[in-house]
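The sequence and the coordinates are shown first.

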Amino acid sequence: MRSEKIKDARIEKLIHCLVAKYISRESTSQSLITVTKVMVTDFGRSATIYISVLPDKECRAALSFIEHHLTDIRGHIKDHSELRVLPRLSVGLDPELMVQ
């Protein structure tokens, strides 16, 4: 079980880095999109990418942008990693950073 947690943490870090690079390269300058964390579940078969967006009014546009590019992001991960199983990706706003 401990080795599985270590493996998940490595996958999360790898995906975090690759997605951040992709977003940095492909997004416009209308907003600042930051990957805050990645959560891997189902033994690496699924990954949720959590982001923060500045300014706040651009959240919907940023989520739409990333959701539209999830296939390309998955391809970027495939091209730049040696993961045997490519996770299904989903994206959401980081709930820890949401303003109450």
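The text below treats the helices, then one lysine and its surroundings, and then some features of the loops.

The model is predicted, so local features need a pLDDT of at least 70 and side-chain atom pairs count only at pLDDT 80 or more, while totals for chains, interfaces and linings use all residues. Residues are numbered from 1 along each chain as its sequence is written, and side-chain values use heavy atoms, with hydrogens and water left out.

## Helices

Helices (H or I, at least four residues) and strands (E, at least two) are DSSP runs, numbered from the N terminus. Helix 1 covers residues 2-26, and its 25 residues should span 36 Å at 1.5 Å a residue; the expected span is 1.5 Å times one less than the number of residues. The end C-alpha atoms of helix 1 are 36 Å apart, which agrees.

Burial is judged by relative accessible area: buried means under 20%, exposed over 50%, and partly exposed in between (1.4 Å probe, protein chains only). In helix 1 the buried residues are Asp8, Ile11, Ile15, Leu18, Val19, Tyr22 and Ile23. These buried residues pack against strand 1 (32-41), strand 2 (46-54), helix 2 (59-68) and helix 3 (70-79), where contact means heavy atoms within 4.5 Å.

Helix 3 has Leu70, Ile73, His76 and Ile77 as its buried residues. Seen down the axis of helix 3, they fall within an arc of 115°, so they line one face of the helix; the arc is that of the directions from the helix axis to the C-beta atoms. The face turned away from this buried side carries the exposed residues Thr71, Lys78 and Asp79. The partners of the buried residues of helix 3 are helix 1, helix 2 and strand 3 (88-93).

## Lysine 37

Lysine 37 belongs to strand 1 and is partly exposed, with a relative accessible area of 23%. Leaving aside residues up to four places away in sequence, lysine 37 touches His16, Thr48, Ile49, Tyr50, Asp94 and Glu96. Of these, histidine 16 is 21 residues apart from lysine 37 in sequence and 6.6 Å apart in space, C-alpha to C-alpha.

Lysine 37 also lies over the face of tyrosine 50, at 5.3 Å from the ring centre. A charge sits over a ring if NZ of Lys or CZ of Arg is within 6 Å of the ring centre and within 35 degrees of the ring normal.

A polar contact is a pair of N or O atoms within 3.5 Å; within protein, one must be able to donate a hydrogen and the other to accept it, and residues adjacent in sequence count only if both atoms are side-chain atoms. Such a contact, of 3.1 Å, joins the side chains of lysine 37 and glutamate 96.

## Loops

Most residues other than glycine have a negative phi, and most peptide bonds are trans.

Leucine 54 and proline 55 are joined by a cis peptide bond, with omega about -5°. Proline 55 is located in the loop between strand 2 and helix 2.

Histidine 69 has its place in the loop between helix 2 and helix 3 and counts as buried at 16% relative accessibility. A polar atom of the histidine 69 side chain lies 2.8 Å from the backbone oxygen of phenylalanine 65.
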